[in-house]
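Morning, everyone. I have one structure to walk through today. Let me put it on the screen.

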Amino acid sequence: MGEQAVTGAGATPAPEQRPDAGGGASAGTTAGMAADGAPAAPADVSGAGMAADTAPAAPAGGAGAGPQQRSTDITTGPGGVMTDEVGVVTGELTLRTEYADGQVTLRVQYKDADEWYVVTGGKAALADPAGLDAVHAIAVALLNRPEG
């Protein structure tokens, strides 16, 4: 078994090609699940209305695109964020999600500092750079805890 890459794109087959399609006008529309409980095919959600504060728009061309990054200021919860280099960091941070050479890396820095630290466990294969916005949004949702 090899490492499985995360992709940000998929296609929903035409209703006549889907095994759960029973015909009729509503056969091709689901709310994420088929009638038999099996998940529907993933949909392409690249560029789903999300943009990062400081990052330029992703260049066209998909997998051939060069290094990209997204950054957002966050506030950690009481446990902070574990990093490979210095252990736990807490408080006002900037989270940066970087994509290069088929890999995504999460880094944090104290807000307005110079040093960046790799988030422990924050590296993964990402086959399609179009998924960068989604990965960044999930990382922000998990690490930003201004209410504690």
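Start with strand 1, residues 68-75. This strand is mostly covered: six of its eight residues are buried. Buried means under 20% relative accessible area, with a 1.4 Å probe and protein chains only. Strands here are DSSP runs of E, at least two residues, and helices are runs of H or I, at least four, all numbered from the N terminus.

A word on the source. This is a predicted model, where local features need pLDDT of at least 70, side-chain atom pairs count only at pLDDT 80 or more, and totals for chains, interfaces and linings use all residues. Residues are numbered from 1 along each chain as its sequence is written, and side-chain values use heavy atoms, with hydrogens and water left out.

Which strand does strand 1 pair with? Strand 4, residues 92-100, in the antiparallel sense, over eight bridges. Pairing takes at least two DSSP bridges between the strands. Ile74 has Leu93 in strand 4 as its bridge partner.

Now Thr83. It lies in strand 2, residues 81-83. Why does Thr83 count as buried? Because its relative accessibility is 3%. Beyond its neighbours within four places in sequence, Thr83 is in contact (heavy atoms within 4.5 Å) with Val89, Val108, Tyr117, Val118, Val119 and Thr120. A polar atom of the Thr83 side chain also sits 2.7 Å from the backbone oxygen of Gly87.

Zoom out. The protein has six strands and one helix. The order from the N terminus is β-β-β-β-β-β-α. There are 148 residues, and 31% of them count as buried.

Key:
Buried means under 20% relative accessible area, exposed over 50%, partly exposed in between (1.4 Å probe, protein chains only). A polar contact is a pair of N or O atoms within 3.5 Å; within protein, one must be able to donate a hydrogen and the other to accept it, and residues adjacent in sequence count only if both atoms are side-chain atoms.
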